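Reader: Please show me the model. I would like to go through its strands, core and charged pairs.

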Amino acid sequence: MDLGKAIALLEVQALTAAVVGLDAMLKAADVRLVHIERRLGGRMVTIVVDGGVSDVTAAAEAGKAAAGAVGKVKLCEVISNPHPEIIKFIYTDGIKPEETGGADTRGQSGKQQDPGNTRSG
């Protein structure tokens with residue numbers, strides 16, 4: 001992860017609050033979803049996004065406000081320039097911290113797809 005990068009963690013009770021918070025985070029700033037952790041059958045959800053420090057900070061504030069309007073926010077934290085060991089811990093879903101910008105090659109399922117495997121028509 002480059003200098004000037006950050007991650008934000010938003011932990012909420014209830015899946016609905018998580019979805020609302022994530023939606024607000026992604027709309028508020030240029031951030032990318034990198035990890036979701038669901039516990040207790042979806043009653044406790046942690047969302048992790050990354051991006052530039054100012055974008056991640058804006059996203060965290062927006063997500064906390066939106067999620068708090070429909071549920072209970074347990075934690076909202078921004079970590080700027082995270083230690084490499086934190087990077088190993090967070091980026092476990094096949095997403096690399098170096099990947100920034102470019103076209104989104106995830107399909108509706110959210111899984112990576114081959115960008116050369118597209119059809120038109």
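**Strands, core and salt bridges**

Author: Strands β1 and β3 run antiparallel and are joined by nine bridges. Strands here are DSSP E runs of at least two residues, helices are H or I runs of at least four, and both are numbered from the N terminus. Two strands pair if DSSP finds at least two bridges between them. This is a predicted model: local features need pLDDT of at least 70, side-chain atom pairs count only at pLDDT 80 or more, and totals for chains, interfaces and linings use all residues. Residues are numbered from 1 along each chain as its sequence is written, and side-chain values use heavy atoms, with hydrogens and water left out.

Reader: In β4, what is the bridge partner of Ile7?

Author: β1 also pairs with β4 (residues 72–80), antiparallel, over eight bridges. In β4, Ile7 has as its bridge partner Ile79.

Reader: How many of the residues of β1 are buried?

Author: Buried means under 20% relative accessible area, exposed over 50%, partly exposed in between (1.4 Å probe, protein chains only). β1 is mostly covered. Of its nine residues, the buried ones number seven.

Reader: How many residues are in the largest nonpolar core?

Author: A nonpolar core is a set of buried Ala, Val, Leu, Ile, Met, Phe, Trp, Tyr and Cys residues joined through side-chain atoms within 4.5 Å. Ala8, Val12, Met25, Val31, Ile47 and Val49 touch the most other members, and the core's residues number 18. The size asked for is 18 residues.

Reader: How many residues form the second, separate core?

Author: Ile7, Val34, Ile87 and Tyr91 are among its members. The residues in this second core number seven.

Reader: What is the N to O distance in the salt bridge of Asp23 and Lys27?

Author: A salt bridge is a side-chain nitrogen of Lys or Arg within 4 Å of a carboxyl oxygen of Asp or Glu. Both residues, Asp23 and Lys27, lie in α1, four apart, about one turn of the helix. Asp23 is partly exposed at 37%, and Lys27 is exposed at 66%. Their N to O distance is 3.0 Å.

Reader: Which residue meets Glu37 in a salt bridge?

Author: The whole structure holds four salt bridges. Glu37 is partly exposed, with a relative accessible area of 25%. At 2.4 Å, N to O, its partner is Arg39.
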